[in-house]
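Work through the following exercises with the sequence and the model at hand. Each task is followed by a solution in steps.

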Amino acid sequence: MELIQSMKSFGGEQRVYRHKSSATGTDMEFAVFLPREALDGFVCPTLFYLSGLTCTWENVTTKGCPQMHAAKHGMIFVAPDTSPRGEGVANDPSYDLGQAASFYLNATKDPWAKHFQMETYLTKELPDLLVDALPIDEDALGITGHSMGGHGALTLAMRHPGLFHSLSAFAPITNPVDCPWGQKAFEAYLGSDEKKWAMHDACALMRDKGWDGDILIDQGLADTFLENQLKPWAFEAACRAADVDLTLRLHGGYDHSYYFISSFLADHMAWHAERLE
């Protein structure tokens, strides 16, 4: 890993690393906050945060202020990028496909399959890299995310049982097989076989695999994507049918922005700290 930025923050360090990824075949960047305990060599629990459409690792690190909450709990906070990037990487003019819109899966269709292997990157390559390089407790990994990243958090946790030990999300896309964002991305990345789509749909995965733990989701009721794209009610029903404990908190007046995320990030960090202790 090449350290490209390091800033002191809340007694710890906010760092940005770059490395050559064998999964994506590109250089990848990610942000890591190391609390004071990690800088002193103590092994720490770690929370992965997956960002949403159009974002990079920078959105949450500069707008969400996770450093303050991670420092309070002695937690490492990891923010990967949303997709592979660079010259030769497939892209699309629209904001909801291509670079910054990977949907955190392994694409099987050209031209995306060559580089868009984000599931392998996030569940194998990046965790292995971090555990080798930093004082991370691999038995205390949590995952959360926003919107497309919330979709990624839910689906990767259920698709890889035992990897993540706590789970939450902010306004996640919960039923992508039945929303325009998901249908467009799945058609492009996976082809027309909707059975393959269901393997990356949080509602279908909940019915098929379930989750060995509880889940926290926060959702703003003034979110313009609520009914058409996010569909938390579908996921609530799937959790109820699977007898999984879901805490779905609805907040009047809150939208889809980082004003919403930063308002409740402290609660999520505390949620994960308690379960990863």
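Buried means under 20% relative accessible area, exposed over 50%, and partly exposed in between, with a 1.4 Å probe and protein chains only. The model is predicted, so local features need pLDDT of at least 70 and side-chain atom pairs count only at pLDDT 80 or more, while totals for chains, interfaces and linings use all residues. Residues are numbered from 1 along each chain as its sequence is written, and side-chain values use heavy atoms, leaving out hydrogens and water.

**Exercise 1.** Classify both partners of the salt bridge between D27 and K20 by accessibility.

Solution. A salt bridge is a side-chain nitrogen of Lys or Arg within 4 Å of a carboxyl oxygen of Asp or Glu. In this pair the closest N and O atoms are 3.4 Å apart. D27 has 38% relative accessibility and is therefore partly exposed. K20, at 71%, is exposed.

**Exercise 2.** Describe where the partners of the salt bridge between D96 and K184 lie.

Solution. First, the distance: the closest N and O atoms are 2.8 Å apart. Next, the positions: D96 is in the loop between β5 (76-80) and α4 (118-133), K184 is in helix α6 (residues 180-190), and the two are 88 residues apart, so the pair links distant parts of the chain. Helices (H or I, at least four residues) and strands (E, at least two) are DSSP runs, numbered from the N terminus. Last, the accessibility: D96 is buried at 10%, whereas K184 is partly exposed at 33%.

**Exercise 3.** Which residues have the most contacts inside the largest nonpolar core?

Solution. Such a core is a set of buried Ala, Val, Leu, Ile, Met, Phe, Trp, Tyr and Cys residues joined through side-chain atoms within 4.5 Å. The largest has 86 residues, and F103, Y189, I215 and F235 have the most contacts inside it. Helix α11 (residues 258-276) gives the most to this core, with 7 residues. Contact means heavy atoms within 4.5 Å. Not counting residues up to four places away in sequence, Y189 touches residues including F103, W112 and F116.
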